[in-house]
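Before reading on, please look over the sequence and the fold, and follow the strands and helices one after another.

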Amino acid sequence: RAEEQRAELIREQAARVEAEAAHHRFQELVQNLDAIVWEMDVATEQMTFVTDRATQVLGYSTEQWIGQSKGWLEHIHPDDLDKVVSFLRSVPYDKQASVEYRALASGGRLLWLRLLVYVVRDERNAPRQLRGLTVDITERRQAEETLRMSEKLAATGRLAASIAHEINNPIAAVTNLLYLINGAEDLEPTTRQYVRLAQDELARVTHIARQMLAFYR
């Protein structure tokens, strides 16, 4: 019996060591993820777990997230607050859901975050916890905004080029007509002066059209 008890004790110690090692590996894996891993109690809507990545990304300590009554809401941009709260209260129970929103870091810097959430149920199949990842997507959103601005500029340039081409044709015709009128020998001095003024104004319009083409290029 003593040998059996000793063998059982050795097995329990080995199992405990393995469990501690597995827990350490899990903690190391979660803490090193390039995302904030968090857990929330559904009933109280309070954070019960958050990784150190929250401090690295947003500047708030884990103590400001855990145990406080909805303290985690403070980092959400006021204009997106209702959207995020409504999303968390209506996460489907049978699949993962996500939402993107603006956040304010502790220094006031604006960030874009993506929230991925799934529901954990209890033994009665009722929602017990929300678990999820929060990923910093600021660079991606900035790249998308830059691309949108580039597309707008390209569209504006194409429009400018189209307008310039459309303007150039009638300008050329009117310029030629004024040249012919100005070449008439019986033209009155006052009329000839008006023709030259019209030619000067057409030259200005031609210059503007060339500037629009240069902008397009």
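Which residue in β5 does E39 stand opposite? E39 stands opposite R131 in β5, in a model that is predicted, so that local features need pLDDT of at least 70, side-chain atom pairs count only at pLDDT 80 or more, and totals for chains, interfaces and linings use all residues. Residues are numbered from 1 along each chain as its sequence is written, and side-chain values use heavy atoms, with hydrogens and water left out.

The sheet comes next. Five strands form an open sheet in the order β2-β1-β5-β4-β3, with antiparallel pairing; here strands (E, at least two residues) and helices (H or I, at least four) are DSSP runs numbered from the N terminus, and two strands pair if DSSP finds at least two bridges between them. The edge strands are β2 (46-50) and β3 (97-104), each of which pairs on one side only. From one strand to the next, the twist averages 30 degrees, where axes are lines fitted to C-alpha atoms, for helices over the stretch in contact, and angles run from 0 to 180 degrees between N-to-C directions.

Within this sheet, strand β1 (residues 36-41) pairs with strand β5 (residues 127-136) in the antiparallel sense over six bridges, and the bridge partner of D41 in β5 is Q129. Strand β4 (residues 110-121) is joined to β5 by nine bridges, and these two strands run antiparallel; V117 stands opposite G132 in β5. β4 and β5 form a hairpin with five residues between them, and in the turn N125 has a positive phi of about 70 degrees.

Two helices pack on the sheet. Helix α3 (residues 81-89) touches β1, β3, β4 and β5, contact meaning heavy atoms within 4.5 Å, and the direction of α3 makes about 150 degrees with that of β3. α4 touches β3, β4 and β5, and its direction makes about 125 degrees with that of β4.

Helix α4 (residues 138-182) also packs with helix α5 (residues 189-216), at an angle of about 160 degrees and with their axes 8 Å apart. That angle makes α4 roughly antiparallel to α5, a term that counts for angles over 145 degrees. By class, the contact of α4 with α5 has 19 nonpolar, eight polar and three charged residues, where Ala, Val, Leu, Ile, Met, Phe, Trp, Tyr, Cys and Pro count as nonpolar, Asp, Glu, Lys and Arg as charged, and the others, Gly among them, as polar.

Terms used:
Parallel < 35°, antiparallel > 145°, perpendicular 65-115°, else oblique.
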